[in-house]
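Good morning. I will go through one structure today, starting with the overall layout and ending with the charged residues. Please have the sequence open beside the picture.

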Amino acid sequence: DSHWLSDGHHKEYIIREFLIRYLPNSLKANRGFIRPNNQNDKCSPEIDILVTRPEEHPLLFSEGGLDIATPSSVFATIEVKTTYTKSNIYDALLNQVKARTLIAKNNSNQKLYSLILFFNCDYKKDETIKKNLESELKAVFKSYPIISNNTSTNAPFCISCMNSFIA
């Protein structure tokens, strides 16, 4: 029940290594942050897996598995969580919305893929899964200034439980 600093890092590592193996060479997957060139005080929360295009848009920093990227270099953001719980849903959605908002403000025409991956879900509670997802999406959009009224602009591209569902 404690949150250790490295809790879940091995799961992120598994997903990251899978992506590195199968992504085209023009894409790079690491953990990292998004930071616009023109806003010194604005930075995204840490992204569990940040997929970038460093050949097209150089990274601001890349060392030891950590990347700091400008919005134009970001291809995808992935949040990795161990279990599908209400608080994990909220945290993951909020990180994704913050990253998507930062990118949209600095690169409005850019296509961004954002995913949330849960390793474990109780698939016997499908109705609860839907209700929790809906209520947490509403809570995030209510608490964070979104970039448009179009939910698809703000919401993650895909939310998946690796043992159960994809939304």
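**Layout of the chain**

Reading from the N terminus, the elements of the protein chain follow the order α-β-β-β-β-β-α-β-α-α-β. That gives four helices and seven strands; here helices (H or I, at least four residues) and strands (E, at least two) are DSSP runs, numbered from the N terminus.

Two remarks on where this comes from. This is a predicted model, in which local features need pLDDT of at least 70 and side-chain atom pairs count only at pLDDT 80 or more, while totals for chains, interfaces and linings use all residues. Residues are numbered from 1 along each chain as its sequence is written, and side-chain values use heavy atoms, with hydrogens and water left out.

Of the 167 residues in the protein chain, 44% are buried. Buried means under 20% relative accessible area, exposed means over 50%, and partly exposed is in between, using a 1.4 Å probe and protein chains only. Next, contacts, meaning heavy atoms within 4.5 Å. Among contacts between residues at least 6 apart in sequence, 68% join residues at least 24 apart.

**The sheet**

In what order do the strands of the open sheet lie? The order is β3-β4-β1-β2-β5-β6-β7, seven strands with mixed pairing. Two strands count as paired if DSSP finds at least two bridges between them. At the edges are β3 and β7, each of which pairs on one side only. On average, neighbouring strands of this sheet are turned by 30 degrees against each other, direction ignored. For such angles, axes are lines fitted to C-alpha atoms, for helices over the stretch in contact, and the angles run from 0 to 180 degrees between N-to-C directions.

As background, strands of a sheet pair through backbone hydrogen bonds, either parallel or antiparallel. We have both here. Strand β1 (residues 28–34) is joined to β2 by four bridges, and these two run antiparallel. G32 has I47 in β2 as its bridge partner. By contrast, β5 (residues 74–83) and β6 (residues 113–120) pair in the parallel sense, over seven bridges. There, A76 is partnered by Y113 of β6. Strand β6 also runs parallel to β7 (residues 158–161), with four bridges between them, and I116 has I159 in β7 as its bridge partner.

Now the helices on the sheet. Helix α1 (residues 9–22) lies across β1, β2, β5 and β6, and runs at about 10 degrees to β2. Helix α2 (residues 86–106) packs on the sheet as well, touching β1, β2, β5, β6 and β7, and its direction makes about 170 degrees with that of β5.

**The disulfide**

How many disulfides does a search of the whole structure find? It finds one, a disulfide being a pair of cysteine sulfur atoms within 2.5 Å. This one joins C121 to C161, with 2.0 Å from S to S. C121 lies in the loop between β6 and α3 (126–143) and C161 in strand β7, so the pair ties together parts that are 40 residues apart in sequence. The torsion about the S-S bond is about 120 degrees, so the disulfide is right-handed. Both C121 and C161 are buried.

**Charged residues**

A salt bridge is a side-chain nitrogen of Lys or Arg within 4 Å of a carboxyl oxygen of Asp or Glu. The whole structure has four of them.

D67 pairs with K28, the closest N and O atoms being 3.4 Å apart. D67 is in strand β4 (residues 66–69) and K28 in strand β1, 39 residues apart. D67 is buried, at 0% relative accessibility, whereas K28 is partly exposed, at 24%.

E136 and K86 meet at 3.8 Å, N to O. Because E136 lies in helix α3 and K86 in helix α2, this pair ties together parts that are 50 residues apart in sequence.

K138 and E134 pair at 3.3 Å between the closest N and O atoms. They are four residues apart in helix α3, so about one helical turn separates them.

Last, R53, in the loop between β2 (47–52) and β3 (61–63). R53 is buried yet has no salt bridge; E56, the nearest side chain of opposite charge, is 4.0 Å away. For charge, Lys and Arg count as positive and Asp and Glu as negative, while His and the chain ends are not counted. Leaving aside neighbours within four places in sequence, R53 is in contact with S26, L27, S72, S73, V74, F75 and Q110.
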